[in-house]
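The following note sets out several points on the structure shown below.

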Amino acid sequence: MPASLAPFIAARPWLLKLFKPAAAWYANAASYRQLGLYADDLVSEENEDVLKALKRLPPRQSYDRVFRIRRATQLSLQQKILPRADWTKPEEDKPYLGPLLAVLEAESKEREALDTLTVLKNH
Amino acid sequence: MISRSTVTRGCQLALRGQSCAQTAQRRSFAAAAAIGTPGSFEPTEIAGLKVASKDAGGPTTRLAIVAKAGTRYQPLPGLTVGLEEFAFKNTTKRTALRIVRESELLGGQLTATHTREALVIQANFLRNDLPYFLELLSEVVSQTKYTTFEFNEQVQHAMHLKQAKINAASLALDSAHSVAFHTGLGSALYPSSATPLGPYMSEHTIASYAEAVYNKGNISLVADGAAQSQLSKWGETFFKAIPSASSSDLSLNTAASKYFGGESRTSRPGANAYVIAFPGASLSDNKPEISVLTALLGGEGNVKWTTGFSLLSKAAAGSPGVSASAHNHAYSDAGLLTISISGPSGGVKKTAEEAVKAIKSIADGSLSKEDVSKAIANAKFNLLSVSETSGTGIIATGAQLIAGGKPLDVAAAVKSLESVTADKLKAAAKSLLESKASVASVGDLYVLPYAEDLGLKALRESIDCFSLRCSAQDVLANAVPLLESSYNRYLAVAARAVRRSLKDDKRLIAERRGDTDLRFAKWENGKQGEPKSLVEANTAAMVEAAGPSSS
């Protein structure tokens, strides 16, 4: 897992205030929102944990995700972007896969830790 | 010719008999004293929770939370099973994986089971680890998360596997319970794969059932092999997390049990099972003769490679591959004495006939004194060994605690067993035969007999399962020609079938009532056709429909 400064910044309100406009500008500049995608739609599926997390999505969310990806693929083929009204709004762009993935990653991490633990006898 | 040693041996024996009479007597007293103080569970209360404990000082402990949440109390089907499968899953404090690995490291075993009345969450472990497992049990009860993904990936998966293992014998026992008690105790111990659970069972309903179940008034803790001081010390700390009252929108189904009786027949390929059940003794009843009667009927061998000489094993002796056993299912407010027979269909039929004959022979009073004393000894052994070994004793004690009673006083129960006489047994058997039986057959219905064929009390009181089944068959037989005919005619067939299955006196009344004088006419192209009597038209149509199929 790549190291991230995000938690460090999020924990400090003054830093967060400083970085937020830059982050918002970057997210818009990444231009996935112009194709109607969410940030979590960009997570690569070639990963056991992600596949499992996708299976755990509620049916409605799973359907919407497929729709967004298909629409984006079509737009990409046509070399177009959505009309401005249909762009993903920043408040819609919430992590829906991230929390599920975090549970799975924590589980594999815990499994790894338990598999390699050393027992210390207390006598 | 009498050898010298034989003569002297007699003298020696006579002498020994006299001199040892005293010691022998003392020994029997000692034995009685030992029976008088078997480890009964002592009820106490820790932090508002009902606790029963006993401690023989052994190196292992069995700790169980027994909740009043068996299948009879579930407000919607499948909830008990769901709650059982959710035991030891993710809690707010730790994951299911950690729970399993940690208890493995400590050498503990975690199990969750249920009966018709109780849900049991149990941990068996080494004596020193009491605090850990006490905390774990209270955590499972109060802080399980009931997540959606665990329900979809683990709970349902485990249920499907267990449903695949349901055999004919347990299906027959479930059917017998359902005809005996209808709802409550009558609901299946494990829902079969044919039971629609979709609308009732989800992680949300299970979570709210858990809220209704896991509160201090509704659960009890049973500890076998834990020191009372340790238990109360750690209990005070850990039981604080358990809520004292339910805040759930679901409430337990606590309707009192009522015995109905009847017959149920289920067609099933493969194995055959037959259950004959009578109203038995409940936990609160003081009916030792039912336990002795169960032991007398027996069926399960006490020695390897033989089924023994109890009445049921004699009944099954002539049919190879058939096993038969009697059991008294005691619940808090009702009991069911069952005779379960399973094996090849022909053998099951023969054994069922023999088993009913055996009960009749007890009722006729053809019991020898030896049989009675043998049965009493057997019943005593069953009672004592159950209360001594783990498992059953723990569940029974917990069930009694949450039902508001006291744990079984083993010494008193043994004494009451000893008071059973042949006359009492005879009366008990007679009352069984006079009561309405519940009969369930599963398997090859062509061979398996009806309850009436066995000579059990007639089940056709006025209209019940039996006659309803006839009507269903009649309707089905007429269904094919009826497919394109009118609803009136369908009604007539159904009504006729129901009327036919009534007893004579009631049938006459019903048939008089069934005389209708209704006329109808068909309108075609705006013109009225010839008016016809409905009854005559129905009869004519039935003859017409039956004509081609019979030729």
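Predicted model: local features only at pLDDT ≥ 70, side-chain atom pairs only at ≥ 80, totals over all residues.

1. The contact between the chains draws on 6 residues from chain A and 6 residues from chain B.

2. Within chain B, helix H11 (residues 345-364) packs with helix H15 (residues 422-434). Their axes are 7 Å apart and the angle is about 130 degrees. The crossing of H11(B) and H15(B) is left-handed.

3. Which residues does H11(B) bring to its contact with H15(B)? They are B:Ile359, B:Lys360, B:Ile362 and B:Ala363. Those they meet in H15(B) include B:Leu425, B:Ala429 and B:Leu433, as well as B:Lys426 and B:Lys430. By class, the residues of the contact of H11(B) with H15(B) comprise 7 nonpolar and 3 charged, with no polar ones.

4. UniProt, in an unreviewed entry, lists residues 206-377 of chain B as "domain: Peptidase M16 C-terminal". In the model, that span is 38% helix and 22% strand. The C-alpha atoms at the ends of residues 206-377 of chain B lie 44 Å apart.

5. Strands S1 (residues 42-46) and S2 (residues 49-54) of chain B pair in the antiparallel sense, over 5 bridges. Here B:Pro43 has B:Ala52 in S2(B) as its bridge partner. S1(B) and S2(B) form a hairpin, with 2 residues between the strands. In the turn, B:Ala47 has a positive phi of about 50 degrees.

Definitions and conventions:
Residues numbered from 1 in each chain as written. Chains lettered and ligands numbered in written order. Contact = placed C-beta atoms within 7 Å. Axes fitted to C-alpha atoms, helices over the stretch in contact; angles between N-to-C directions. Helix = DSSP H or I, 4+ residues; strand = E, 2+ residues; numbered from the N terminus. Left-handed = near helix turned anticlockwise from the far one by under 90°. Nonpolar A, V, L, I, M, F, W, Y, C, P; charged D, E, K, R; others polar. UniProt positions renumbered as here; feature names shortened; annotations may be inferred. Pairing = 2+ DSSP bridges.
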